[in-house]
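Me: I'm new to reading protein models. Could you walk me through one, feature by feature?

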Amino acid sequence: MLHISADPQGKFTVSAHGETWLECPAMIAVDANGEKDSDERYLPMMSYEQKTEEGKTIHIWRTHSNLWAKKEYVLEEAENAARFFVRVEGRGKVDALRFFGCRARYEAAEYLLPVANHADYSRNLRMITEPGVIELGYFTPPCYVYPLHIAGCAGWLGVGLAARAGQYNFHQFLYQNENQNRCGFEVPLYGQTTVDGAWESQSLLFVPGEDAYDVVRAYARWHYDAGWCAKKDRSHEPDWWSRPIFCGWGEQAALQKKSGAMRPGDHATQKDYVWMSEKLDEYGLHPGCIIIDDKWQKEYGSALPDPEKWPDLRAFADAEHRKGRRVVLWFRSWYPEGLSQEECIEYLCTACGADPTSGKYRARMRETIHTLLSDEPGCYNCDGFKIDFANCMPLGKYVSCHEKGVYGVELLKHFFIMMRDFAKAAKPDALINCSCAHPYFDEIVDQARIHDYWGTMRNAPEVMAHRAKLCKAAMEDVLIDTDAGGVGSRRDFHRWMKAQPELGIPDLYYLTAAGDVPFDEEDIALIRSVWNDYEIQRKKELN
C-alpha cells in the first residue's frame with residue numbers, strides 16, 4: 001500500500017512496501033516567458049488546508065511567486081495512488097515544470113528506464129545517481145514513468161507523469177539528480193502552453209508495484225480507472241490482424257546489396273514484391289499480410305504510389321487477396337515532401353513537417369487514404385498502414401502548427417486519430433500498426449510494433465521481450481508485432497524466430513541470404529514450423 005504523510009509547513013513523504021521512498025518539498029516551479037519561477041521568499045506566508053472529497057484526501061498549500069499571482073500545490077491521495085500538481089493564476093508561456101527543485105530526499109538505489117532501445121532489462125537499469133530522460137524513440141510514445149527500487153525491498157515505486165486528455169503538450173520527462181542526496185523531475189514545455197488566467201499543470205503520479213513492469217502496469221491502470229485514457233474494445237478484431245506478417249524491408253535491403261542499387265527503397269517495386277509473394281508461396285509460408293515498405297510512394301507527403309515502381313498497385317492487392325493475404329502500406333510520418341506550406345508545421349516560418357491540424361492537409365489525407373484503401377473503382381484496395389518515423393516530428397520552442405497550443409505527444413495523438421479515422425472510414429477492418437506504448441493511445445492502436453533490432457547484437461529474444469513486456473504493461477490486450485530480429489548471427493536469428501510466438505505475432509523480413517543467415521532449407525523449415533505451430537495454437541485459443 002502507498003502511504004502519504006503531509007506537513008502543513010510545505011513537505012510530504014511517500015511510503016510504500018514498509019519503506020519511506022521520498023521526502024519532498026511541496027514545490028513546483030512553473031518557469032515562463034524565459035524566466036525561472038521561485039516562491040521561496042513567499043513560503044513563510046504559505047497556508048495549508050486538508051479536506052476529503054469522493055474518498056480522496058486532498059492537501060493544498062497556497063502561496064504565490066515572482067511569476068504567478070497565485071499558486072496552489074495540490075497533493076491528492078486515493079487508494080494506492082497519489083498525484084501532485086500545481087494550479088497557478090496569471091499570464092505567460094510555460095517553459096518548464098520543475099518538481100521539487102531537485103531537493104527531494106530519496107532512498108531508492110536504482111530505477112528502470114522504460115523505453116525501447118538496443119538493450120535488455122538489465123542494461124536499462126540505472127543507478128539512482130544517473131540522470132534519465134523518457135522521450136520519443138522506438139516507442140512513440142513510451143510510458144512516462146520511472147519505476148524506482150530500494151535495495152533489499154520486495155516492491156517498487158513508480159514516479160510518473162500523468163496528464164488529462166488534451167494536456168499532453170510535451171515529449172520529454174526528465175529525472176534529475178545533483179549527486180547531493182537530492183533528486184527532482186522536470187517536464188520541458190518549450191513555451192508551447194499558454195496560460196491566461198487559471199491553469200492546472202500535469203501531475204506527478206505515485207504508484208506502487210511488485211516489480212518494474214508491474215509499476216508500468218499500475219501507471220497505465222490508473223489512467224484507465226481515472227477516465228483519463230480510454231481502452232479499446234478488442235473483442236471483435238479481424239482474424240488476419242493476428243496472423244503471421246511478412247514485411248519486405250529486409251528483402252529490399254538484400255536485393256539492394258545484390259543489385260548495387262543506391263538504396264533499399266529502389267526495390268520497393270511491384271516487380272520485386274510480386275517476386276517476394278511468389279517466394280512465400282514457394283516456401284509454403286502463408287502470412288496474413290504483406291507489408292510494402294519504403295519507398296513505394298512517389299513523394300512521402302502526398303503518399304500516392306510511384307507509377308514507375310507501381311504501374312498497377314490495385315492488381316497486386318487484388319492478387320494478394322485471392323491468395324488470402326492482405327496488403328499493408330508502410331507510411332512515413334511527418335515528412336513534407338510534396339506538400340504545400342499551408343499543409344505543414346512551421347519552424348520559424350519554414351515548412352518542416354506535415355500538420356494534422358491543417359484543414360488543407362486533412363482534406364488531402366482523407367482523399368489519399370480513401371484512394372489507397374477503398375475497393376471502389378479507381379482505388380487501390382490496400383488494407384492499412386504500418387506507421388513509421390513517428391518520433392521524427394518537429395519539436396522545440398520555435399515550431400508551430402495551425403491549431404495553437406497543440407504540441408508533442410498531443411500533436412502525435414491528432415496525427416494518429418486522423419490516420420485511424422480516415423482509414424476506418426475507407427475500410428472498417430483497415431489495420432493501424434504503430435509503435436505506441438502508452439495508455440493514451442490504446443484506443444487507436446490495432447498492432448503495436450516493438451521496432452528495430454541491431455543485427456550486430458546477439459540477444460534478440462531478451463531485448464525484444466523487454467520491449468514487449470513494457471508494451472503489454474501499457475496496453476495489456478494489444479496485439480504485438482514482434483518485428484525483425486537481426487540476421488548477423490544464424491543462432492541469434494533462430495532463437496528469435498522461436499521466441500516470437502511467445503511475445504506476439506511472428507514477423508519475417510527476409511526470404512534470401514542475408515548477414516550470416518543463408519536462408520537454406522533448414523532456415524525455411526524452421527520458419528515454416530514456427531508459423532504452423534503458432535497458427536494451430538492461435539486457432540485453439542480462438543475456439
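This is a predicted model: local features need pLDDT of at least 70, side-chain atom pairs count only at pLDDT 80 or more; totals for chains, interfaces and linings use all residues.

Me: Let's start with pockets. What volume does the largest pocket have?

Reply: The general idea uses a 1 Å grid over the protein atoms alone: a pocket is an open set of points with protein on both sides within 12 Å along at least five of seven lines, while a cavity is a set where a 1.4 Å probe fits but cannot get out. Lining residues have an atom within 4 Å of a point. Points are joined across faces, edges and corners, and the volume is the space filled by probe spheres set on them. Here, the largest pocket comes to about 550 Å³. It has 25 lining residues, and S242, L479, Y534, R538 and E541 are the closest to its centre.

Me: Which elements give two or more residues to that lining?

Reply: Elements are DSSP runs numbered from the N terminus: helices are H or I with at least four residues, strands are E with at least two. For the largest pocket they are strand 26 (479-481), helix 8 (490-503) and helix 9 (521-542). Helix 9 gives the most, with seven residues.

Me: How do the residues of the pocket lining divide by class?

Reply: Ala, Val, Leu, Ile, Met, Phe, Trp, Tyr, Cys and Pro count as nonpolar, Asp, Glu, Lys and Arg as charged, and the others, Gly among them, as polar. The largest pocket's lining has 11 nonpolar, five polar and nine charged residues.

Me: And how many cavities of 30 Å³ or more does the structure hold?

Reply: Three. The largest cavity has a volume of about 50 Å³. Its lining is made of 13 residues, with T140, I387, A390, S435 and H451 nearest the centre. By class, that lining has seven nonpolar, five polar and one charged. The second largest cavity holds about 40 Å³ of space, and its lining includes W334 and Y361.

Me: On to cysteines. How many disulfides does a search of the whole structure find?

Reply: A disulfide is a covalent bond between the sulfur atoms of two cysteines. The test is a pair of cysteine sulfur atoms within 2.5 Å, and the search finds zero. For C102, the nearest cysteine sulfur is that of C183, 6.7 Å away. For C349, it is that of C352, 11 Å away.

Me: Is C349 buried or exposed?

Reply: Go by relative accessible area (1.4 Å probe, protein chains only): under 20% is buried, over 50% exposed, and in between partly exposed. C349 is exposed at 63%, whereas C102 is buried at 7%.

Me: Where does S358 lie?

Reply: S358 is in the loop between strand 21 (350-354) and helix 5 (359-373). It is buried, with a relative accessible area of 1%. Contact means heavy atoms within 4.5 Å; leaving aside neighbours within four places in sequence, S358 is in contact with E342, E343 and H402.

Me: In what order do the three strands of the open sheet come?

Reply: Two strands pair if DSSP finds at least two bridges between them. Here the order is 21-20-23, with antiparallel pairing. Strand 21 and strand 23 (399-400) each have a single partner strand, so one side of each lacks a neighbour in the sheet. Strand 20 (residues 344-347) pairs with strand 21 over four bridges, and E346 has A351 in strand 21 as its bridge partner.

Key
Residues are numbered from 1 along each chain as its sequence is written. Side-chain values use heavy atoms; hydrogens and water are left out.
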